[in-house]
Amino acid sequence: SQASFEEDSQKQPAVGHWKPLMPSKGCKEEPETGCQDAGGVAESTEQLNVSRLRSSSVEIREKGSEFLREELHKAQKELKLKDKECERLSKVREQLEQELEELTASLFEEAHKMVREANTKQAASEKQLKEARGKIDMLQAEVTALKTLVITSTPSSPNRELHPQLQSPSKAVFRKGHGRNKSTSSAMVSAASQSMTPQAGSHERKELDSILFAEFQAWKESPTLDKSCSFLDRIYREDIRPCLDFTKQELSELVRVAVEQNTLTIEPVASQPLPLLKVSAEECGGPKQCALSGLPRTCKHRITLGDSGNYYYISPSCRARITAVCNFFTYIRYIQQGLVRQDVELMYWEVMRLRREMSVAKLGFYPSEM
């Protein structure tokens, strides 16, 4: 009966919505089993996806951390290199600053040194210029006076002012207060030369020495003050050195050099108090002691050597010897400068006369007025 009922139910479906009130056991268990299988599969798939995501995220994290570590390591290396470079540049900067300071200091020192040297040279140049102007003024006055005397003197009509030996004995007057201030002219022969020189007259005869005249002619062709030429070498040996050979050898040498350089000054002793001397009274002598001979003599004159400012008192005999040498040097300087316009023979005899003055003065003869 049950089988037939089932067949009928299959053949003739029920009209309307049929809902079983109480499903059978079999029908109830089958759907639950299918749902459980589907849910488990989904859950396992989800877990698999989550695990895959987790593993990929871990892998990404590890790779990222490794990359970051590498980048950090590179950055640290670059930072160390930059620190070293900064340190090197800092040392270079310090070295450059030190060199710059040293260079600046040396430049300032060199500049100050150059300024000091320039000031010193300027002061010396101004002093030399002042002295040169003074000498030029004196030389111009000398040239003016010499032109008046030399140009008017000819062999046929000699100037008696230039050749005092031609004057009569009554007119040969000694000039007191002879002073030779550096370049002061001595071409007009002083009183010492006039008194020591025998008067040239008709009874005096002269004869040329061929050797001496030849030496003078050779010197006259190219006049010089060089002592190596035969003309001046002979006069130095025979006249100048013996005439200036005093007891005080050191002072004698200084006097000779001053005469050669034209820087010796002779002046009379003034009555006013003596200035403060740089050397002792014994070395300079005094009004009662000659500085050149060292003997007790009445000294009416004193000399200075260049710009030293020291005074040396000299006796009349020493003054006559120095004056004779100064007269000789003055005359040959005028010949060298072309200021003496005379015949060669006349100039030669004037040189011989000046040599005779030195020889006579060396023997101790001098005018009583000195």
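Asn262 lies in the loop between α6 (249-260) and β2 (264-268); helices (H or I, at least four residues) and strands (E, at least two) are DSSP runs, numbered from the N terminus. This is a predicted model, where local features need pLDDT of at least 70, side-chain atom pairs count only at pLDDT 80 or more, and totals for chains, interfaces and linings use all residues. Residues are numbered from 1 along each chain as its sequence is written, and side-chain values use heavy atoms, leaving out hydrogens and water.

**The loop residue**
- Asn262 is not a glycine, yet has a positive phi of about 60°.
- Asn262 counts as buried because its relative accessibility is 16% (buried means under 20% relative accessible area, exposed over 50%, partly exposed in between, with a 1.4 Å probe and protein chains only).

**Two helices side by side**
- The axes of α6 and helix α8 (residues 316-336) are 10 Å apart, at an angle of about 25°; axes are lines fitted to C-alpha atoms, for helices over the stretch in contact, and angles run from 0 to 180 degrees between N-to-C directions.
- Val255, Val259 and Glu260 in α6 meet Ile322, Val325, Cys326, Phe329 and Arg333 in α8 (contact means heavy atoms within 4.5 Å).

**Cysteines**
- What is a disulfide? A disulfide is a covalent bond between the sulfur atoms of two cysteines.
- The structure holds 0 disulfides, counted as pairs of cysteine sulfur atoms within 2.5 Å.
- Cys299 is in no disulfide, and the nearest cysteine sulfur, that of Cys290, is 5.1 Å away.
- Cys299 is buried, with a relative accessible area of 5%, and Cys229 is buried with 18%.
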